[in-house]
Amino acid sequence: MRAQQVRAGFVELYGTEPEGVWSAPGRVNLIGEHTDYNDGFVMPFALPHTAVAAVSRRADGVLRLHSADIEDGVAELRLDDLAPESDRAWTAYPAGVVWALREAGHAVTGADIHLSSTVPSGAGLSSSAALEVVVALALNDLFELGLQRWQLARLCQRAENVYVGAPTGIMDQTASACCEEGHALFLDTRDLSQKQIPFDLAAEGMRLLVVDTRVKHSHSEGEYGKRRAGCERGAALLGVDALRDIPYADLDAALARLGDDEEAVRLVRHVVTEDERVEKVVDLLRSGETRAIGPVLVAGHASLRDDFRISCPELDLVVDTAMSAGALGSRMTGGGFGGSAIVLADVADVDTITKAVEEAFAAAGFTAPRVFEAVPSPGARRLV
Ligand code: GAF
C-alpha cells in the first residue's frame with residue numbers, strides 16, 4: 001500500500017515509473033546507550049515505522065530529491081557540487097549518502113528520488129538513519145555496487161558524520177540496515193559482528209511501549225558531541241583505544257586512576273556499566289528470563305540520568321510514572337536530551353500505565369506524549 005503510494009507520487013512528480021521502491025525502518029534501542037562510539041555493545045530493534053523511497057537512476061550527474069512529508073518542491077543538485085556541511089535541510093541525508101558513495105569510489109551517476117517517512121523526526125527513533133539507509137540500499141541495488149549491509153551502514157554513518165556534520169556512532173544505521181523481524185540485534189560496534197536475538201514479547205504476554213515525549217532533540221547540537229569528546233578523553237587518560245577496553249571487573253581500579261576528575265569518572269562509569277548491562281540483557285533473553293530485564297533497563301536509565309546527564313524532566317517523568325504504575329522496566333532510548341522512552345509491561349497493565357503517563361504529563365503542564373507499541377520489525381528491504 002505505502003509502496004504503491006510512493007510509486008504513484010514518483011510518477012506524478014517525474015512523469016515516469018521508478019525502477020524500484022525500497023524501505024528502511026527507524027529503531028528503538030533496548031539497551032546500550034552511548035556505547036557505540038566507545039566501540040561497545042548495543043541492542044536495537046527495528047520499528048514498523050519506515051522511510052520508503054521510489055528511485056530511478058540518471059546518467060547525467062544530477063540528483064533530484066523530493067519528500068512527500070515536506071512542503072517543498074523538488075531539490076535539484078549536481079553531484080559535482082555536493083560538499084560536506086553545505087546543506088542544513090532534510091536533503092542533506094540522502095545527498096550525503098550519494099556523496100559518501102562517490103567519495104568511496106562507487107560509480108553513482110545520478111538519481112531521481114521520491115521519499116516518504118512514517119518515522120517520527122526528532123523523537124530519538126532514527127528518522128535520519130532510515131532516510132540514509134533507504135537511499136543507500138536503493139542505489140546499491142540499482143548501480144549494482146555489491147556492498148554488504150554493514151558496508152552500507154558505514155557509508156551512511158560517514159554521510160551523517162562528515163556531510164551532515166553530526167558526530168554520531170554506527171548503531172542507528174546498522175539497526176536500520178540489519179535488523180530482522182521478531183529479533184533484537186546484539187551488535188558489537190567494534191567489528192560490527194552481529195547476533196539476532198529472538199525478542200517476541202507478545203508470546204510472553206508482554207508489550208514494549210514507546211513514549212515520545214515530543215521534546216525535540218538534534219545530534220548536530222553540541223551536547224552529544226561533548227559527551228563523545230568526554231568519553232574519548234576518558235579513554236586517553238586510561239591509556240586505552242576506547243572505553244570498551246575497560247573490563248567491568250576493572251572498573252573500580254580505572255575510576256580510582258581518574259581520581260577527582262569528576263566528569264571523566266561519571267562518563268567512564270556509565271559506558272563500562274552500560275556495556276555490562278547489554279551483556280546481561282542478552283544473557284537473560286537467551287535464557288528465557290525476559291521479565292528480569294526490567295530492572296536492568298531501569299538501572300540504565302539512572303546511569304544516563306545521573307552519570308551521563310542526558311535525560312530531561314519529561315523522560316524522567318515517563319520512567320518514574322510507568323514504574324509506579326506497574327511497569328516491569330523503563331528507560332530513555334536514543335541520544336537523549338528529549339526524544340523517547342521505552343516501557344516494558346505486562347499486557348494487562350498497558351492501559352493503566354499509558355493513562356498514568358498521560359495524566360502525569362498533563363499535570364506537569366508538558367505537551368501530551370505520543371504512546372505506541374513497538375514490535376520488532378524487518379530491516380531495510382526492496383518492496384517493489
Ligand atoms: C544517537 C546516535 F546516532 C547513535 O549513534 C548512538 O550514539 C545513540 O544516540 C546513543 O546510544 O542515536
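Hi everyone. Let me start with a definition: a residue counts as buried if 20 or more other C-beta atoms lie within 10 Å of its own, as exposed if 12 or fewer do, and as partly exposed in between. Keep that in mind, and please remember that we are looking at a predicted model.

So, where does D316 fall? D316 belongs to helix α10, which covers residues 313-324. Setting aside the neighbours within four places in sequence, D316 makes contact with R305 and S311. There is also A302, 14 residues away along the chain, whose C-alpha atom is separated from that of D316 by 9.1 Å.

Next, two residues for those of you who like backbone torsions. Most residues other than glycine have a negative phi. D39 is not a glycine, yet its phi is positive, at about 65°. E85, also not a glycine, has a positive phi of about 55°. Buried or exposed, what is D39? D39 is buried, since 21 other C-beta atoms lie within 10 Å. E85, in contrast, is exposed, with 12 such atoms within 10 Å. As for where they sit, D39 is in the loop between β1 (20-29) and β2 (41-42), while E85 is in the loop between β5 (75-78) and α2 (92-103).

Now a helix pair. Helix α3 runs over residues 127-142 and helix α4 over residues 149-164, and their axes come within 9 Å, crossing at roughly 125°. That angle is why we call α3 and α4 oblique to each other. The crossing is right-handed. Which residues of α3 and α4 meet? On the α3 side we have S128, A129, E132, V133, A136, L137 and N140, and they meet L152, L155, C156, A159 and E160 of α4. Sorted by class, that contact has eight nonpolar, two polar and two charged residues.

Finally, let's zoom out to the whole chain. Its secondary structure comes to eleven helices and 13 strands. The radius of gyration is 21 Å, close to the 21 Å that the globule rule gives for 384 residues, so the chain is as compact as a globular protein of that length. Along the principal axes, the C-alpha trace spans about 60 × 50 × 40 Å. Buried residues make up 50% of the 384. And of the contacts between residues at least 6 apart in sequence, 71% join residues at least 24 apart.

Definitions and conventions
Residues are numbered from 1 along each chain as its sequence is written. This is a predicted model: local features need pLDDT of at least 70, side-chain atom pairs count only at pLDDT 80 or more; totals for chains, interfaces and linings use all residues. Axes are lines fitted to C-alpha atoms, for helices over the stretch in contact, and angles run from 0 to 180 degrees between N-to-C directions. Helices (H or I, at least four residues) and strands (E, at least two) are DSSP runs, numbered from the N terminus. Angles under 35 degrees count as roughly parallel, over 145 as roughly antiparallel, 65 to 115 as roughly perpendicular and the rest as oblique. A crossing is left-handed if the near helix is turned anticlockwise from the far one by less than a right angle, and right-handed if clockwise. Two residues are in contact if their C-beta atoms, placed from the backbone, lie within 7 Å. Ala, Val, Leu, Ile, Met, Phe, Trp, Tyr, Cys and Pro count as nonpolar, Asp, Glu, Lys and Arg as charged, and the others, Gly among them, as polar. The radius of gyration is taken over C-alpha atoms; the globule rule is 2.2 Å times the number of residues to the power 0.38.
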